Amino acid sequence: MNSENFSLSEKIVSTSYIRQGSQARRSHEQLIRLLLEQGKCPEEGWSESTVELFLSELAVMDSNNFLGNCGVGEREGRVASSLVARRHYRLIHGIGRSGDIAAVQPKAAGSSLLNKLTNSVVLDILKLSGVRSVASCFVVPLATGMSLTLCFLTLRHRRPKARYIIWPRIDQKSCFKAMITAGFEPVVVENVLEGDELRTDLEAVERKIEELGAENILCVHSTTSCFAPRVPDRLEELSILCAKQNIPHIVNNAYGVQSSKCMHLIQQGARVGRIDAFVQSLDKNFMVPVGGAIIAGFDESFVQEISQMYPGRASASPSLDVLITLLTLGASGYKKLLSERKEIYLLLAQELKSLASAHGERLLHTPHNPISLAMSLDGLQAESDGAVTQLGSMLFTRQVSGARVIPLGKEQTISGHTFRGFMSHSDAYPCPYLNAASAVGITREDVTLCMKRLEKCLKTLKKEKHVARSSSPVLPPCREDTTGE
């Protein structure tokens, strides 16, 4: 209620009570005022009542919620189900206009304000997470792969003759298909093995640039967050090379926001060389439903160019989800989650190392990967060719999700390109292994339960193989043939 309505209320209920209610209302409004004034994630998280009040205030600014609205167009924010309307807080118009996802909608002042505020709050979080010099970003209702495609399509207008994208190999289908979908030819650069780690082959990248010609290369497409034993690309060196050769550089930072190391690599790469845009997933970094990503960069005009490449309006759901989440957590709450993730990474490494040692395996040494870990499965492979794959199946049926079991020699063809040793980021990694990751939101209980179930699976497999060997029929020795036939 406004001040006039509060004054009128004093004629109905005791003035002291109404003033107390008015002061409570002002406390909510003060938080909203600071958000509108600063455009930053609040330091302390908001209560659900403050968030809902704010969203309700935004919703009444959209034309579909006007009391006297008379809609005669084809897109009037009509919703048949009240359940759907409540699910979206009656913010139905989406974001953007037909020509620009970042444009303001005349019919939807509230949704447009939501969009602008979300982008501003997310930009603040990217800076807080380590990329201090990022200039601009926007939330797009596409997952990481399609968001990368949008970046590549935008670069096409700047480099119309280019047809190749140089890509240090990372065995993840969506980032490979992102290049194919955009109409470009991926040039796969195999990684080099350094100890247990798979790292960027800088010399091979340079050779490919020289061989193809810089003007024919759309960009270098590098990766930060990845599954061990693959580690983040050498971003600083790649950025320097891109700046030297005048080649754009797009970074797949899928779940890297939660890692200070990944964000530091991006910051340093932009400082010493060239990074045009970096893309990160909303669900992996902020614990919201799948369906959105953040496209960010250091040149505001290029980020705006990417947003203008998106055709038509877009769903506001990803923007709404991440804004609600960040307002609820606050900057301090998000920083606490990042700190806890780091602590649990150390715990997971310790527990996995101990378990590996107990079963004659070892924790692979991958110090440059700050999120993912890998445990060798050499002994299991020696037991049986199918034992490694069977372990993955056993873990899944025992509700251990996210653990990846990588056997040797798997092949996969994607859009005509065959990857040998697929999922291991290498044609011939030396050993099969199991992956586990410490991602934002993981708990100590998750680690404890995973280790318990993993150990039980390993013991079961070894017991089964031992029983199978001991129960094999033993044929009697051959007797000398005395028939003379």
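Two rings of Phe, Tyr or Trp (its six-membered ring) count as a pair if their centres lie within 6.5 Å. Keep in mind that this is a predicted model.

**Ring pairs**

Select Trp167, Phe176, Phe419 and Phe422: ring pairs link them into a cluster. Now zoom in on Phe419 and Phe422. Both residues are buried.

By the ring rule, the count comes to nine aromatic pairs. Phe286 is in helix H11 (residues 282–286) and Tyr334 in helix H13 (residues 317–358), so the pair ties together parts 48 residues apart in sequence. Phe286 is buried at 2% relative accessibility, and Tyr334 is buried at 1%.

Then show Phe227 with Arg404. Arg404 lies over the face of the Phe227 ring, 3.7 Å from the ring centre.

**The annotated site**

Select Arg97, Ser98, Gln105 and Arg313, listed by UniProt under "binding site" in an unreviewed entry. They are spread over 217 residues of sequence but cluster in space, with a largest C-alpha distance of 9.6 Å.

Arg313 is partly exposed, at 34%.

Centre on Gln105, in the loop between helix H4 (82–87) and helix H5 (109–128). A polar atom of the Gln105 side chain lies 3.1 Å from the backbone oxygen of Gly96. Finish at Arg313, in the loop between helix H12 (300–309) and H13. Its contacts include Arg75, Arg97, Ser98 and Gln105.

Note on methods. Residues numbered from 1 in each chain as written. Predicted model: local features only at pLDDT ≥ 70, side-chain atom pairs only at ≥ 80, totals over all residues. Heavy atoms only, no water. Phe/Tyr/Trp six-rings, centres within 6.5 Å; stacked < 30°, edge-to-face > 60°. Helix = DSSP H or I, 4+ residues; strand = E, 2+ residues; numbered from the N terminus. Buried < 20%, exposed > 50% of the residue type's maximum accessible area, 1.4 Å probe, protein only. Lys NZ or Arg CZ within 6 Å of the ring centre and 35° of its normal. UniProt positions renumbered as here; feature names shortened; annotations may be inferred. Polar contact = N/O pair within 3.5 Å; in protein donor to acceptor, adjacent residues only side chain to side chain. Contact = heavy atoms within 4.5 Å. Lists of a residue's contacts leave out its neighbours within four places in sequence.
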